[in-house]
Amino acid sequence: MKADRLVAILLFLQERGRVTVAEVAEELETSERTARRDLEALAASGVPVYSQRGRGGGWSLVGGARTNLTGLTADETRALFLATGPLAVTPELRTMLRKLVRALPATLRADAEAASRAGVTDTTDWSRNPATTDATHRTALQSAVVDGIRVRLGYEGVGKPAGVREVEPLGLVSKAGAEYLVAGTERGLRTFRLSRVVSVDPTGERVVRPPDFDLATAWRALAETIEGGMYAATARARVEPSVLPLLGRLLGGRLRVGEPLPDGWTEVWVDGPARRAIAASLAGLGGRVEVLEPPEVRRLLARTGAELTGLYGDDARLPAADGAEADDEAARPPGRRVH
């Protein structure tokens with residue numbers, strides 16, 4: 001956008017003092033003709049910019065005029081760049097940081113640049129899966145939220161084919177590394193995970209934003225509904241103490257640990273969206289966990305055990321492969337094995 005280029009040129013002039021058209025064109029990655037027009041537009045808009053012909057000439061700010069990010073303290077500047085530096089993985093964000101550094105008073109620049117390099121974002125998880133799918137349609141949705149434009153959203157639900165629905169984008173939320181769109185629909189407010197969005201098509205129609213809408217308040221209400229569904233069922237069990245760390249990694253906040261039992265095992269409660277999901281979470285632990293109630297989860301585990309016995313029963317008589325006893329250790333995240 002032209003306005004972005006004009007701001008960038010102004011900050012570039014502030015940093016260099018005097019620049020040539022060729023230098024501006026290289027910095028902004030535009031043609032020299034465009035750079036010259038932008039410089040002339042700055043001068044025409046009242047910015048004190050002038051040009052000087054001849055050897056050593058160029059464009060300068062009259063009297064060293066400057067523009068600053070006023071009101072930022074050294075600590076505030078450090079906090080800003082510590083937060084934004086690791087996120088600068090796109091050309092747009094890198095350009096933004098460059099502009100911010102140039103706009104700072106000289107005494108704060110070195111500290112800001114050091115803070116921006118103090119962190120990095122790794123976009124793959126430990127399974128080597130890229131965690132960048134959320135970004136595919138983020139820019140279009142951000143624009144729709146800011147501009148207040150309705151969109152036709154291509155969305156793929158869990159276990160469902162992709163469909164298209166018209167929604168009113170109201171805000172974006174990041175939760176535990178995943179991003180969600182909060183939008184108005186015919187059925188009220190809904191959330192859409194960005195990694196499941198397959199297309200974004202602006203309609204040009206304006207969003208009718210509720211006058212009292214607050215994104216943080218709306219998200220808390222939606223999150224409570226979602227979390228309520230994740231904790232809809234509960235099972236009580238007894239487990240070997242040695243398996244508690246593994247259970248904690250698998251279940252997170254869905255595991256509640258009680259007191260040790262007289263037999264040395266530990267009583268626990270496991271929450272889940274359904275009893276079948278709880279049974280599936282515990283089936284791989286074999287005899288190291290015993291569900292005490294409800295009976296339905298016990299029956300589901302018994303059925304799973306029977307199915308596995310029917311499939312692998314003959315293999316149970318074979319000797320274990322070399323190194324099989326190290327499976328649990330090998331399955332731990334890399335950080336768990338660092339000493």
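Good morning. Helix α8 (residues 215-230) lies across β5, β6 and β7, and runs at about 110° to β5. Helices (H or I, at least four residues) and strands (E, at least two) are DSSP runs, numbered from the N terminus. Axes are lines fitted to C-alpha atoms, for helices over the stretch in contact, and angles run from 0 to 180 degrees between N-to-C directions. Contact means heavy atoms within 4.5 Å.

The model is predicted: local features need pLDDT of at least 70, side-chain atom pairs count only at pLDDT 80 or more, and totals for chains, interfaces and linings use all residues. Residues are numbered from 1 along each chain as its sequence is written, and side-chain values use heavy atoms, with hydrogens and water left out.

In what order do its five strands stand? The order is β7-β6-β5-β4-β8, in an open sheet with antiparallel pairing. Two strands pair if DSSP finds at least two bridges between them. Because β7 (188-193) and β8 (197-206) stand at the edges, each with a single partner strand, one side of each is left without a neighbour in the sheet. On average, neighbouring strands of this sheet are turned by 45° against each other, direction ignored. Helix α7 (residues 138-147) also packs on the sheet, where it touches β4 (149-156), β5 (162-175), β6 and β8; the direction of α7 makes about 80° with that of β5.

Strands β4 and β5 run antiparallel and are joined by six bridges; Tyr155 has Gly163 in β5 as its bridge partner. These two strands form a hairpin with five residues between them, and Gly159 in the turn has a positive phi of about 70°. Next, β5 and β6 pair in the antiparallel sense over seven bridges, with Lys175 opposite Ala178 in β6. They too form a hairpin, with two residues between the strands, and here Ala176 in the turn has a positive phi of about 50°. Finally, six bridges join β6 (residues 178-185) to β7, again antiparallel, and Gly184 has Leu189 in β7 as its bridge partner.

The next topic is a pocket. On a 1 Å grid over the protein atoms alone, a pocket is an open set of points where a 1.4 Å probe fits, with protein on both sides within 12 Å along at least five of seven lines; lining residues have an atom within 4 Å of a point. The second largest pocket has a volume of about 740 Å³, a volume being the space filled by probe spheres set on the points. The lining divides into 13 nonpolar, four polar and ten charged residues. Here Ala, Val, Leu, Ile, Met, Phe, Trp, Tyr, Cys and Pro count as nonpolar, Asp, Glu, Lys and Arg as charged, and the others, Gly among them, as polar.

I turn to another sheet. This open sheet of four strands has the order β10-β11-β9-β12, with antiparallel pairing. Its edge strands, β10 (255-260) and β12 (289-293), each pair on one side only. The twist averages 30° from one strand to the next. Helix α9 (residues 244-251) packs on this sheet, touching β9, β10 and β11, and its direction makes about 160° with that of β10. Helix α11 (residues 295-312) lies across β9 and β12, running at about 140° to β12.

Within this sheet, four bridges join β9 (residues 233-239) to β12, and Arg236 stands opposite Glu293 in β12. Strands β9 and β11 pair over seven bridges, with Thr234 opposite Asp271 in β11. Strands β10 and β11 form a hairpin with five residues between them, and Gly264 in the turn has a positive phi of about 95°.

Is Thr266 buried or exposed? Thr266 is buried, with a relative accessible area of 6%; buried means under 20% relative accessible area, exposed over 50%, and partly exposed in between, with a 1.4 Å probe and protein chains only. Thr266 lies in strand β11 (residues 266-272), and is the bridge partner of Pro260. Strand β11 is mostly covered, with six of its seven residues buried.
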